[in-house]
Amino acid sequence: MKALMAVTGLIMIGFLLMHMYGNLKMFLGAEAFDHYAEWLKGDILYPLVPKGWFIWIFRAVMVASVVLHMYSAITLWKRAMDANPSAYQVKKQLAQTYSARTMRWGGIILAGLLIFHLAQFTVHSALVAGAYTTPYEMVVGEFRIWWMVLLYAIWIATVCMHVRHGFWSAFATLGANTSAKARAVLNGCAWAVALLLYIGFMIMPVAVFFGWIN
């Protein structure tokens, strides 16, 4: 279960890094971003697979990763609760980092906001500012709203807290935590990835809000 949670977590971190890079194409202008959005839906791996198939294969992999990640996390939590006395659990929780203690409720928050994010930018059923003709216009229109930027900032902060602990924990589970030096390197990498994701995801909506991207 720990290995399953580690592998699926790293898959999702990889997706976040790619998604962040794609979002930054907003700085290249409408044509570049809209072309990127269209390419995601149709041309990846073509002609190895028919046009439009990759995005559905990718979505299936991501859904499976999320479901398996949550399943393994819940299973491990239940096993820990059944195996450990309550007094031991309290001491163990006090010894954990803040990010580790918030992994479970943070995961619940992430799941809820992920559903809203997909409904907004993928399904287009939860758009706040109305309908749009292009992906670029949609992103600009939604992030011109101050509370959307604030909500996004809170969500990304929660994501990065989850990533910081999850990155370290995943590599430790897979056997990389072999010494004090390795532990320090893993911890430094975890902070670097978390900070990169926060800055990379937030710079675009902030730029939209202040009119640097329009």
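Modeller: Let's start with a term: on a 1 Å grid over the protein atoms alone, a cavity is a set of points where a 1.4 Å probe fits but cannot get out, and its lining residues have an atom within 4 Å of a point. This is a predicted model, where local features need pLDDT of at least 70 and side-chain atom pairs count only at pLDDT 80 or more, while totals for chains, interfaces and linings use all residues. Residues are numbered from 1 along each chain as its sequence is written, and side-chain values use heavy atoms, leaving out hydrogens and water.

Colleague: Which residues line the largest one?

Modeller: Leu113, Phe116, His117, Gln120, Phe121, Met148, Leu151, Tyr152 and Trp155. Helix α6 gives the most, five residues; helices here are DSSP runs (H or I, at least four residues), numbered from the N terminus.

Colleague: Switching topic, which residues touch the most others in the largest nonpolar core?

Modeller: Met26, Phe143, Leu197 and Ile213, out of 35 members. Such a core is a set of buried Ala, Val, Leu, Ile, Met, Phe, Trp, Tyr and Cys residues joined through side-chain atoms within 4.5 Å, with buried meaning under 20% relative accessible area (1.4 Å probe, protein chains only). Helix α8 gives the most to this core, 10 residues.

Colleague: And what does Phe143 touch?

Modeller: Leaving aside residues up to four places away in sequence, its contacts (heavy atoms within 4.5 Å) include Phe121, Met148 and Tyr152.

How values were computed
Buried means under 20% relative accessible area, exposed over 50%, partly exposed in between (1.4 Å probe, protein chains only). Helices (H or I, at least four residues) and strands (E, at least two) are DSSP runs, numbered from the N terminus. On a 1 Å grid over the protein atoms alone, a cavity is a set of points where a 1.4 Å probe fits but cannot get out, and a pocket is an open set with protein on both sides within 12 Å along at least five of seven lines; lining residues have an atom within 4 Å of a point.
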